[in-house]
Amino acid sequence: MSNKYSIPELIDNAPLTPFQWRVFILCFLIAIFDGFDTQAVAFTGPALIQAFNLGPGALGPVMAAGTAGMVVGAMILGLLGDKTGRRPAVIGAVALFGGATLATAFATSTEQMIVLRFIAGLGMGGATPIILSLAAEYGPSRMRGTIMTTVLLGLPAGAILGGLLAAKMLPVIGWQGIYIVGGIVPLALLVILIFALPESLQHLASNKIKNNTAKIYPILRKIVKTPIEDNAEFTVPGQAMKTRLSSLFANGLARNTTAVWAIYMFNWIAWFMLLSWLPTVLKAAGLPADQAPLGTVTINAVFVLCAIPLSMLLPKVNTRLLLLVMFTFGILLSFGLANSGTNWTWVFILAGAAGMGIGGQQIVLNYMVAQAYPTTLRATATGWAIAVGRIGAIIGSASGGWVLEQAGVSGFFMSLALPLAIATAALLIIKPQAKTSEAKLVTA
């Protein structure tokens, strides 16, 4: 009779090894290149408008196409990752966004760019949930939150690198050069991934149809040093029961669900509208084109610097009250930016602050959902809230150019206050769950 070994328990009881660090670093690098390619249209926007002789509104569909592709990619590749494995899904995702980004450098029309950005979005949106799952499954539970947060910060880090590259090299290599770099480097990483990225141990162990013991042993020996019997059976925790969407509207939760979805949607409208269009808006305000991408660098740098301290603070504070303060701060920043004119020092200070006042809510929102729902519905509630938020991201990315054309620079910044105000109003109608012993686990 074979002994059973729990994969998560084996990882939890072992110290971190170089093999695990390899997995985390590869996931982080994927996130960096994902973030670079995601924001490529943002920091090349002014150059694309000039190259294709466009109005700002005509660039909206190009930006929205990438975001729409990310929505579809997260659903399709996420499902593929669960069915066929993390490794083939993430390799496919990197191949998609790397290849499509490289091809974008040779696009000769906005129609071609729309198609290529959608294809790239499939890979970019699909890569994020898979690498987060892979990093979480190779990390011990005591460090899982920090590992996942650090991997996720690769996205804004990639945006910062892209903005710096665009600011320094765009006049030299042109907008095409940015996409060539954004395509070739992930494709080079793809070669490394093929040889160095392992499959998830939990995925291998959970597939009862195939006997993956022979595949699990050599990977596990690189992590666990304690003896394991040759005829061992490897297990993973049973999958949680699926919760119906209708459960989010039952038992008095309809009010919270409606409010939560509204908060996600309108916060993401404001955040992606600002993030996607900031370099173009700054150029329209009179900032030299080679300096406009620094707006993306500034806002993402503040987001990165604040993310980990904020994630450590969250379990100790009332997240609903914190979100109320942040939304109010974001509204004030919108008015401040609208009245900053060409005082570039003040503009960049306020834009950097928006990394926390408009974007920082992304970090806090999941905690707020946890407080608004019972434990058994948290995963379902968070998943659907993010899906609705991505719809907001599409709206924000697509509408920014039209708002800039119709209302000008000052009106663009002022318009950010409207979705933030709606999100604030929705926040006020959320009814927190009673603090039962189960609810207390949410904020632990």
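Buried means under 20% relative accessible area, exposed means over 50%, and partly exposed is in between, using a 1.4 Å probe and protein chains only. By that rule, Leu287 is buried because its relative accessibility is 4%. Keep in mind that this is a predicted model, where local features need pLDDT of at least 70, side-chain atom pairs count only at pLDDT 80 or more, and totals for chains, interfaces and linings use all residues. Residues are numbered from 1 along each chain as its sequence is written, and side-chain values use heavy atoms, with hydrogens and water left out.

**Contacts across the sequence**

Leu287 sits in the loop between α11 and α12 (294-313). The helix labels are DSSP runs (H or I, at least four residues), numbered from the N terminus.

| Pair | Separation in sequence | C-alpha to C-alpha distance |
|---|---|---|
| Ala166 and Pro293 | 127 residues | 6.3 Å |
| Asp34 and Ala127 | 93 residues | 7.7 Å |
| Leu287 and Thr342 | 55 residues | 7.9 Å |

Ala166 belongs to helix α8 and is buried, at 0% relative accessible area. Asp34 is part of helix α2 (residues 18-38), and it is buried too, with 1% relative accessibility.

**The salt bridge**

How many salt bridges does the structure hold? There is one, counting a side-chain nitrogen of Lys or Arg within 4 Å of a carboxyl oxygen of Asp or Glu. Its partners are Glu137 and Arg86, whose side chains meet at 2.7 Å, N to O. The pair ties together distant parts of the chain, with Glu137 in helix α6 and Arg86 in helix α5 (residues 86-104), 51 residues apart. Glu137 is buried, with a relative accessible area of 12%, and Arg86 is buried at 10%.

**Inside: the cavities**

Rolling a probe the size of a water molecule over the atoms shows where empty space is left.

Which helices each supply at least two residues of the lining? They are α3 (40-51), α4 (60-84), α6 (110-138) and α11 (254-284). The largest share, five residues, comes from α4.

By class, the lining of this cavity has seven nonpolar, six polar and one charged residues. Ala, Val, Leu, Ile, Met, Phe, Trp, Tyr, Cys and Pro count as nonpolar, Asp, Glu, Lys and Arg as charged, and the others, Gly among them, as polar.

**Out on the surface**

Val191, Ile194 and Phe195 make up a nonpolar patch on the surface, with about 330 Å² of accessible area together. Such a patch joins nonpolar side chains (Val, Leu, Ile, Met, Phe, Trp, Tyr) within 5 Å, in residues with over 30% relative accessible area and no salt bridge; like charges are joined within 9 Å. The areas come from the Shrake-Rupley method with a 1.4 Å probe, and for residues only the protein chains shown count as cover. Val191 lies in helix α8 (residues 154-196) and is partly exposed, with a relative accessible area of 47%.

Asn53 is found in the loop between α3 and α4. Its phi is near 55 degrees, a positive value in a residue other than glycine. Is Asn53 buried or exposed? Asn53 counts as exposed, at 72% relative accessibility.
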